[in-house]
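Student: Please show me the model, and then let us go through it by question and answer.

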Amino acid sequence: EILRLYMNAIILAAGMSSRLRPITSDKPKCMLKLFNETLLERQIKIFRNHNINDITIVTGYRSEVIDISNVNYVKNENYATTNINESLFCALEPSNGPVLVTYSDIVFEQKIIQQMLEITDGIRLAVDLDWKKHYQNRTMHTLSEAENVLVENGRILQIRKNIPKSSQNQQIGEFLGIMTLSSEHVKILLDRYSYLKNNHIGTFHNSSSLSNAYITDMLQEIINYGINVDPVFTQGRWCEIDTPEDLKNAEKLINKLQS
């Protein structure tokens with residue numbers, strides 16, 4: 001329990017959320033309200049319930065609209081030309097304790113964070129094995145856009161969008177956009193990123209370049225480099241918000257969580 005007091009959190013909220021325009025024309029997605037609470041406020045409340053009070057928000061698009069108090073802000077000045085991995089490294093720095101990282105456009109129940117905090121060594125990703133059901137009512141966001149993980153013997157071998165098939169002893173899940181990093185693994189990521197920044201040219205895993213990379217590309221890099229990345233098979237309910245249809249689904253989910 002002592003460790004938890006020193007845990008800090010990074011919420012990635014720099015993206016331009018163009019699929020939700022016009023409702024995101026004047027604000028970033030994380031400031032959309034569901035039942036009088038923004039997506040950001042909802043996440044922060046859950047973190048604080050778990051004694052995580054050192055919270056950094058990485059802003060970018062419409063950063064001036066984000067006005068949460070008692071949090072730290074870091075801006076990805078190049079948000080328009082870079083991707084979410086770049087936003088992570090704007091905020092990631094050496095730490096004394098574990099770090100929790102979340103995408104800002106997800107709604108999840110508190111029990112998922114509880115599960116993530118049970119063991120905080122290594123690199124651990126929240127993974128949903130029963131993920132396909134989320135796509136039954138998502139015509140605007142297809143199955144092939146899910147950030148999938150391929151798991152074998154409790155280890156993640158592959159992480160990218162659209163992993164279509166697995167062999168008998170493997171499982172395919174969806175990465176929720178929630179991960180924990182031990183302080184030692186924060187350092188491993190920082191070292192690797194700094195090396196790549198200085199040496200890498202051209203495409204990077206499934207992205208056109210390092211600066212355009214997703215976090216999944218960076219995680220694949222780390223896996224290929226021989227570092228274990230482990231799944232936490234979460235039991236709780238969650239959803240991601242990318243389209244107007246997703247917003248409606250999120251409202252239904254919150255209704256269920258509140259009832």
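Tutor: A charge sits over a ring if NZ of Lys or CZ of Arg is within 6 Å of the ring centre and within 35 degrees of the ring normal. This is a predicted model, in which local features need pLDDT of at least 70 and side-chain atom pairs count only at pLDDT 80 or more, while totals for chains, interfaces and linings use all residues. Residues are numbered from 1 along each chain as its sequence is written, and side-chain values use heavy atoms, with hydrogens and water left out.

Student: Which residue lies over the face of Y225?

Tutor: The distance to the ring centre of Y225 is 4.2 Å. The residue at that distance, over the ring face, is R192.

Student: At what angle are the ring planes of W131 and Y135?

Tutor: Rings of Phe, Tyr and Trp (its six-membered ring) pair if their centres lie within 6.5 Å; planes under 30 degrees apart count as stacked, over 60 as edge-to-face and the rest as tilted. The count by this rule is four aromatic pairs. For W131 and Y135 the centres are 6.0 Å apart, and the pair is edge-to-face because the planes are at 80°.

Student: Is W131 buried or exposed?

Tutor: Buried means under 20% relative accessible area, exposed over 50%, and partly exposed in between (1.4 Å probe, protein chains only). W131 has a relative accessibility of 5%, so W131 counts as buried.

Student: How many disulfides does the structure hold?

Tutor: A disulfide is a pair of cysteine sulfur atoms within 2.5 Å. For C90 the closest cysteine sulfur is in C30, 15 Å away, so the distance is too far for a bond. C239 is in no disulfide either, with the sulfur of C30 as its nearest at 15 Å. The number of disulfides in the structure is zero.

Student: How many residues of helix 6 are buried?

Tutor: Helices (H or I, at least four residues) and strands (E, at least two) are DSSP runs, numbered from the N terminus. Helix 6 spans residues 215-224, and its buried residues include I215, M218 and I223. Of its ten residues, the buried ones number nine.
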